[in-house]
Amino acid sequence: MSDALWYFARGSGVVSLVLLTVVVALGIGARSGRTAFNLPRFAVNLLHRNAALLAVVFLVLHVVSLLFDPYAQLRLFDLVLPFAGNYRPLWQGLGTLGLDLMIAIVVTSLLRHRIGARAWRAVHWLAYLCWPVALLHGLGAGSDNGTVWLWAISMVCVAVVLAAVIWRLTPHFTRFPQRAERKVAERLRPLEEVR
Ligand code: HEM
């Protein structure tokens, strides 16, 4: 049974990392205000949001299965307090930090109509910290840290995020910057103000 848990924990961790990579790329795609893969802009936004929620589901499966895995020796507070673990504290702590950042990003996104665009955006920038922290955790904490397959998956994730970030930094990234800004602002303003 503990072997099954161990495989499940590793698998769900890898799926969560891959989904997180897709989320970052789709987030950048959505911010560009362009359509992608023949999908309208609202569909790119929806994909970004739903991929993020799915990444959280796999992350919950990852940490809950590790809680019951006798080898990981996780305590409940290891899930929120970074760098205090018994097992590879630095690498495991990066995972905890990634989880804390993800909780902040997801909660503020769900509450963005209440907290306002400025606060939401400030927290959302933490995604650029969350992703590399999760990547390093995956490479360092796992039993598969030396395997070709885990490195290959991680390097594909690095290539996808690097390409998206480089595109994000190009001068023509937003084709209609003013229109995109105004639309986002309208959606984030409380309903009474928009009326
Ligand atoms: C953003 C959040 C996280 C992501 C994307 C993530 C992803 C991963 C990945 C890809 C692995 C490598 C699996 C393998 O070797 O095949 C891993 C391993 C591991 N993670 Fe996470 N993780 C996250 C958060 C956490 C948290 C919060 C904890 C608990 C405090 C945790 C504890 C562990 C442990 C103990 C391992 C080693 C499992 C083993 O090989 O025995 N992770 N994680």
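This is a predicted model: local features need pLDDT of at least 70, side-chain atom pairs count only at pLDDT 80 or more; totals for chains, interfaces and linings use all residues.

Tutor: The UniProt annotation "transmembrane region", from an unreviewed entry, covers residues 6–30, 51–71, 91–111, 123–142 and 148–169. UniProt positions are given in the numbering used here, feature names are shortened, and annotations may be inferred rather than shown by experiment.

Student: How many helices and strands does the protein have?
Tutor: There are nine helices and zero strands. Helices are DSSP runs of H or I with at least four residues, strands are E runs of at least two, and both are numbered from the N terminus.

Student: And what is the chain like over residues 6–30?
Tutor: That stretch is 100% helix, and its end C-alpha atoms are 36 Å apart. Residues 148–169 are 95% helix, with 31 Å between the end C-alpha atoms.

Student: Switching topic: which residues are closest to the ligand?
Tutor: The closest are G13, G95, G98, G138 and G142, among 31 residues that surround the ligand. A residue counts as near if its C-beta atom, placed from the backbone, lies within 6 Å.

Student: Which helix gives the most to that shell?
Tutor: α1 does, with eight residues. At least two residues each come from α1 (2–31), α2 (41–67), α3 (89–110) and α6 (127–141).

Student: OK, what about the largest nonpolar core?
Tutor: It has 24 residues, and L20, V23, W131 and A134 have the most contacts inside it. Such a core is a set of buried Ala, Val, Leu, Ile, Met, Phe, Trp, Tyr and Cys residues joined through C-beta atoms within 7 Å. The elements giving two or more residues to this core are α1, α2, α3, α6 and α7 (148–168), and the largest share, eight residues, comes from α1.

Student: What does A134 touch?
Tutor: Leaving out residues up to four places away in sequence, A134 touches L17, L20 and G98. Contact requires C-beta atoms, placed from the backbone, within 7 Å.

Student: Last one: which residues of α2 are buried?
Tutor: Among them are V44, H48, A51, A52 and A55. Buried means 20 or more other C-beta atoms within 10 Å of a residue's own, with C-beta atoms placed from the backbone. The buried residues of α2 pack against α1 and α3.

Conventions. Residues are numbered from 1 along each chain as its sequence is written. A residue is buried if 20 or more other C-beta atoms lie within 10 Å of its own, exposed if 12 or fewer, and partly exposed in between; C-beta atoms are placed from the backbone. Two residues are in contact if their C-beta atoms, placed from the backbone, lie within 7 Å.
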